[in-house]
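Please look over the structure below. This short report covers a pair of helices and a few backbone angles.

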Amino acid sequence: MAPIDRAWLRMDEPANLMVINGVMFFDAPLELARLRKTLGTRLGGVRKFRQRAVRLSATRWDWEEVPGFDAAAHVFERSLPPGSGDDELQALVEGEMSKPLPPALPLWQVHLVHNYRHGSALLWRIHHCMGDGIALTLLVLAITDLDAAGDLRQGEGAWGSDNPLADLFGETPLAPADALTHLEQLLPEGARMLVRPAEALAASNRWLRRAASLPAFAKLSLRWPDPRTAFKGKLGGAKKVAWSRAVSLEHVRAAKEAVGGTVNDVLLATIAGGLRRYLQKHGQPVDGRSFRAVVPVSLRPLSQMSQLGNCFGLMFLPLPVGIADPRERLHELQRRMRKLKRSVEPVVVMTVLGLLGRVPKPLQDLVIRIFGTKGTAVLTSVPGPAVKLYVAGQPISGITFWVPQSGRLGLGISIMSFAGEVRLGVTSDASIIPDPEAIVAGFEEELHFLEELRGAPAPVALAEA
């Protein structure tokens, strides 16, 4: 097991399990037998999904093939009361998020949930030590089909699938250009966003990166801890989740016309505005306030996606929640993002995580807690496919997911686009933030406010700048 994966495996705490959770929504019921057959063929063809983590010594772990592996043992059937909706599904997800995955088995589960509205939901649970968020998201998307009968015929790609993403995880590695071509077929707008950091890393001089790493690590370690707000506190262990309605990307683009920037810039600035609204509603000071979001940055070349594991760094992005004007807030956020993108901070953090996997766990825990004081929330954004996809013959009507929070952080915020829509997922420690749905509401209010700004004149000072 690679040291960085070992670090994530050992990062589990009762109040914060390092498990990535996500839900696919379906308007029609899914059939269990067909789902198990699909997952057995496709996930069963991915080596790491057939392996369990085995401890060899205090600092050494390995992957071991499970004898007689059966993917069906990882697919569970659950039923909500007839006529259930978001509240009942939310309670089920919250209950599962606090349960560790069985260590004697490969560290993943899929729960088929019946009676959600008039259809079904799939709850995915995969441990972070198996892969980072980008790799696992692409893998989950790779097991889907492009039409309702895709799982019933023999396709030309990996696993007998016609999904171009499947070949990213096949036994034969793709050349970099071919891997990008496959990705662009389903993610025409998001492909470059996913590969740009890895391309920049490959293009940079390794000696210069190493020379800059030590001062960058020292600077990161010596930063002042984030201020105390309603988002920080002692963890209790129980989890709360919420997700937004599906927001049309056209609405986000309309908001973009009001304030400028890219779609991703607008989403990040909208989240900052939503967090500002939450603090205001809870009577906390906001003017001039800023706190950091821990933002994962994928550093993996696409041609190495099939290896899974973790290959990402972290940026500590200061969110300008203290700026009231949305245009000014977005421009300040862009300025801070540009500064971070020019830094070696993500590479430094990835290097540190790899080193932590080699040291005794108490020392790893100490460093993780120190780093945890430098941030307030984990924030990740994943561009999804622009087209509808199918699982076991049924179209996916929506996707959301929740990122785990290390370093004893109590708030995770995730954005994912899918088929022309975007959703926000929020998870929190119930002792700190018992109402994550209020953060979701603040995000939706802020986005609506930005749409209304379209066509309104910019402030004079900003226009002159």
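What follows describes a predicted model.

Start with helix α8, residues 249-259, and helix α9, residues 263-281. Their axes come within 9 Å. They cross at roughly 85°. Angles of 65 to 115 degrees count as roughly perpendicular, and α8 and α9 are therefore roughly perpendicular to each other.

Which residues make the contact? From α8 come L249, V252, R253, A255, K256 and V259. From α9 come V263, V266 and L267. Sorted by class, seven of these residues are nonpolar and two are charged. No polar residue takes part.

**A closer look at α8**

L249, V252, A254, A255, A258 and V259 are the buried residues of α8. An α-helix has 3.6 residues a turn, so residues three or four places apart point the same way.

Now check the two ends. At the start of α8, a side-chain oxygen of S248 comes to within 3.0 Å of the backbone nitrogen of E250. After α8 comes G260, and its phi is positive, near 90°.

**Positive phi without glycine**

W159 is not a glycine, yet its phi is positive. A392 is not a glycine either, and its phi is positive too. The table gives their places and values.

| Residue | Phi | Loop between | Relative accessibility |
|---|---|---|---|
| W159 | about 60° | α4 (133-142) and α5 (176-186) | 17% |
| A392 | about 50° | β12 (390-391) and β13 (394-402) | 3% |

Are they buried or exposed? Buried means under 20% relative accessible area. W159, at 17%, therefore counts as buried. A392, at 3%, also counts as buried.

Conventions: Residues are numbered from 1 along each chain as its sequence is written. This is a predicted model: local features need pLDDT of at least 70, side-chain atom pairs count only at pLDDT 80 or more; totals for chains, interfaces and linings use all residues. Side-chain values use heavy atoms; hydrogens and water are left out. Axes are lines fitted to C-alpha atoms, for helices over the stretch in contact, and angles run from 0 to 180 degrees between N-to-C directions. Helices (H or I, at least four residues) and strands (E, at least two) are DSSP runs, numbered from the N terminus. Angles under 35 degrees count as roughly parallel, over 145 as roughly antiparallel, 65 to 115 as roughly perpendicular and the rest as oblique. Contact means heavy atoms within 4.5 Å. Ala, Val, Leu, Ile, Met, Phe, Trp, Tyr, Cys and Pro count as nonpolar, Asp, Glu, Lys and Arg as charged, and the others, Gly among them, as polar. Buried means under 20% relative accessible area, exposed over 50%, partly exposed in between (1.4 Å probe, protein chains only). A polar contact is a pair of N or O atoms within 3.5 Å; within protein, one must be able to donate a hydrogen and the other to accept it, and residues adjacent in sequence count only if both atoms are side-chain atoms.
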